[in-house]
Amino acid sequence: MSDKKIALITGANKGLGQEIARQLARQGHLVIMSSRRESGSDSADKLATEGLNVVHLLLDVNNRDDILSAKDWIEEEFNRLDILVNNAGVLMDRDATLSELPESDLRMTLETNTISPLLLTQHLAPLMMKNRYGRIVNISSTMGSLNDMAASPPSSALTAPAYRLSKAALNAVTILQAKELCGYNILVNAVCPGWVRTDMGGLNAPLSVEQGAKTPVWLATLPEGGPTGKFFRNMKEIPW
Ligand SMILES: NC(=O)c1ccc[n+]([C@@H]2O[C@H](COP(=O)([O-])OP(=O)(O)OC[C@H]3O[C@@H](n4cnc5c(N)ncnc54)[C@H](OP(=O)(O)O)[C@@H]3O)[C@@H](O)[C@H]2O)c1
C-alpha cells in the first residue's frame, strides 16, 4: 500500500478540525474535510489553494443518512479509509451546573460528542478492517477526565456538566473500540488538544490551533505497534 493515506476529519470547516486537516495534508495524505454545512467547502478550497490535496464532504455527524452516504461515497471513491478524526463537537452548557442543565442541551451534547463519533466509527471501521490498517482519533478533553473531576474540591459545582459527561463517555467509547479493533491493526486513542484559541476555546486560550493540532496529528499517524486505547495530552499519556 502507498504511504499516502485517506483521512476523514469531522467538523473540518474551522478551528482544530481545519488545522488537523492542514497538517495531515501537508504530510502528503489525501484529506476529506467534512462539514455539516455546504459553506464548509470554502475551508477546503482555502487549503486547496495552499496546494494541499483535500476534498470537501457534507457530513452532519448527527444525521444518519449523512453517515451512510459518507460511507458509500468513501467506499466508491477510495475503497478504503485509513484515518478518522472524530473532531466535531459542541459545548452548549459552558456556565451551567448539573442542577440547572437544560435537558435539550444534555441530549444534543451527548448526541454530537459521544453517540455520533461512536456511530460514525461503527460504519467506517469496516473500510479500515479490510486493509488491516486504521488510526482513529477521538478528540476529547480533560474536562471529561474522571480523575480531574473527582479531584476537584468537595463543594465545587463543576460547570459544563453535559460537555464533561459527553467527553467522559467518549473516553469509554475509545477504550471499547480500541479493544474491539486491535486485531486489525487499528489504533484508537482519545486526546485532549489543550485549551486552544478557537470559537469554542475563546480568545484567552493559551494555545494556537497549530499547537493544539499537534498531538491529534501524531496519533492519526502512529506507526505500527503504537499505543491504543489511551488518553493523551501534549504527546504524553494522561489518566482517564
Ligand atoms: N478549543 C479547545 O480549547 C478545546 C479543548 C478541548 C477539546 N476540544 C475539542 O476539540 C474539538 C474541536 O473544537 P474547536 O475548539 O475546534 O471548536 P469549534 O471551532 O467550535 O469547532 C467545532 C466544529 O464542530 C463542528 N460541529 C458541531 N456539530 C456538528 C455536527 N452535528 N456535524 C458536523 N460538525 C459539527 C462545527 O461545525 P459548525 O461550524 O457548522 O458549527 C465546527 O466545525 C471539539 O470536539 C472540542 O470539544 C477543544
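The model described here is predicted.

The crossing of H1 past H7 is right-handed. On the H1 side, the contact uses Gly15, Leu16, Glu19, Ile20, Gln23 and Leu24. H7 contributes Val209, Glu210, Gly212, Ala213, Lys214, Pro216, Val217 and Ala220. Sorted by class, the residues joining H1 and H7 are 8 nonpolar, 3 polar and 3 charged.

H1, which covers residues 15-26, also packs against H2, residues 41-49. Here the axes come within 11 Å and cross at roughly 30°. H1 is therefore roughly parallel to H2, since the angle falls in the class under 35 degrees. H1 passes H2 in a right-handed crossing. Gln18, Ala21 and Arg22 are the H1 residues in this contact, and they meet Ser43, Lys46 and Leu47 of H2. The contact of H1 with H2 is made up of 2 nonpolar, 2 polar and 2 charged residues.

A further helix pair is formed by H4, residues 103-129, and H6, residues 161-181. Their axes are 8 Å apart and the packing angle is about 15°, which means that H4 is roughly parallel to H6. The crossing of H4 past H6 is right-handed. From H4, the residues in contact are Asp105, Leu106, Thr109, Leu110, Asn113, Thr114, Pro117, Leu118, Thr121, Ala125 and Met129. They meet Ala162, Tyr163, Leu165, Ser166, Lys167, Ala169, Leu170, Val173, Gln177 and Leu181 of H6. By class, 13 residues of the contact between H4 and H6 are nonpolar, 6 are polar and 2 are charged.

For Arg36, an N or O atom of the side chain is 2.8 Å from an oxygen atom of the ligand. A polar backbone atom of Gly11 is 3.2 Å from a ligand oxygen atom, and a backbone N or O atom of Gly194 is 3.4 Å from an oxygen atom of the ligand.

Methods:
Residues numbered from 1 in each chain as written. Predicted model: local features only at pLDDT ≥ 70, side-chain atom pairs only at ≥ 80, totals over all residues. Heavy atoms only, no water. Axes fitted to C-alpha atoms, helices over the stretch in contact; angles between N-to-C directions. Helix = DSSP H or I, 4+ residues; strand = E, 2+ residues; numbered from the N terminus. Parallel < 35°, antiparallel > 145°, perpendicular 65-115°, else oblique. Left-handed = near helix turned anticlockwise from the far one by under 90°. Contact = heavy atoms within 4.5 Å. Nonpolar A, V, L, I, M, F, W, Y, C, P; charged D, E, K, R; others polar. Polar contact = N/O pair within 3.5 Å; in protein donor to acceptor, adjacent residues only side chain to side chain.
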